[in-house]
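I opened a notebook for this chain and kept the entries in the order of looking. The structure comes first, then my notes.

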Amino acid sequence: MHPRLWHKVAAISGVAALGLGTYGAHGFKPKSPTYKELWHTASLYHLVHTAALVAAPVTKHPNILGGLLTTGILAFSGACYAVALLEDRKYSTLAPFGGFAFVAAWASLLF
């Protein structure tokens, strides 16, 4: 994948992060406030790692960083959004893999 394509992925992810964050802040009304907090966590990690994704093209290994960050966003934030929206923790199985992908993405900057 051409390194500059990560900017397009970041743009799509940023639009999604802002839309989902706005929905979480203004439209999401779960039965339990715990799920509102979880949505906020998903949104925060989504937005922070999207901002990091913007830098992927200027790194030594842009496809590794971009791929790991995108995987983390989809797996961690996606699982958290699903758990919060459906109010069912059984959808949380991918979250640890997403967390690992985030750690691996940041670690990839060492090489």
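**Ground rules.** I am working with a predicted model, in which local features need pLDDT of at least 70, side-chain atom pairs count only at pLDDT 80 or more, and totals for chains, interfaces and linings use all residues. I number residues from 1 along each chain as its sequence is written, and side-chain values use heavy atoms, with hydrogens and water left out.

**Whole chain.** I looked up the secondary structure and found four helices and zero strands. The pattern along the sequence reads α-α-α-α. Helices are DSSP runs of H or I with at least four residues, strands are runs of E with at least two, and both are numbered from the N terminus. The radius of gyration is 14 Å, close to the 13 Å from the globule rule for 111 residues, so the chain is as compact as a globular protein of that length. That radius is taken over C-alpha atoms, and the rule is 2.2 Å times the number of residues to the power 0.38. Along its principal axes the C-alpha trace spans about 45 × 25 × 20 Å.

I then checked burial: 37% of the 111 residues count as buried. Buried means under 20% relative accessible area, exposed means over 50%, and partly exposed is in between (1.4 Å probe, protein chains only). I also looked at contacts, meaning heavy atoms within 4.5 Å. Of the contacts with a separation of 6 or more, 70% are between residues 24 or more positions apart.

**Helix H2.** H2 covers residues 33-53, which is 21 residues, and reaches 30 Å from its first C-alpha to its last, close to the 30 Å expected at 1.5 Å a residue. The expected span is 1.5 Å times one less than the number of residues. Its buried residues include Leu 38, Ala 42, His 46 and His 49. What covers the buried residues of H2 includes helices H1 (5-26), H3 (62-86) and H4 (95-108).

**Helix H3 and its end.** The 25 residues of H3 should span 36 Å at 1.5 Å a residue, and the end C-alpha atoms are 34 Å apart, which agrees. Just after H3, I noted a positive phi of about 50° at Glu 87.

**Ser 108.** I found Ser 108 in helix H4. Ser 108 is buried, with a relative accessible area of 13%. Leaving aside neighbours within four places in sequence, Ser 108 is in contact with Ile 64 and Leu 65.

**Ring pairs.** How many aromatic pairs are there by the rule? The count comes to seven. Rings of Phe, Tyr and Trp (its six-membered ring) pair if their centres lie within 6.5 Å; planes under 30 degrees apart count as stacked, over 60 as edge-to-face and the rest as tilted.

The rings of Tyr 23 and Trp 39 have centres 5.5 Å apart and planes at 70°, so I logged the pair as edge-to-face. Tyr 23 is in H1 and Trp 39 in H2, 16 residues apart, and the pair links distant parts of the chain. Tyr 23 is partly exposed at 37% relative accessibility, whereas Trp 39 is buried at 4%.

The rings of Tyr 45 and Phe 76 have centres 5.0 Å apart and planes at 45°, so this pair is tilted. Tyr 45 lies in H2 and Phe 76 in H3, so the pair ties together parts 31 residues apart in sequence. Tyr 45 is partly exposed at 35%, and Phe 76 is buried at 16%.
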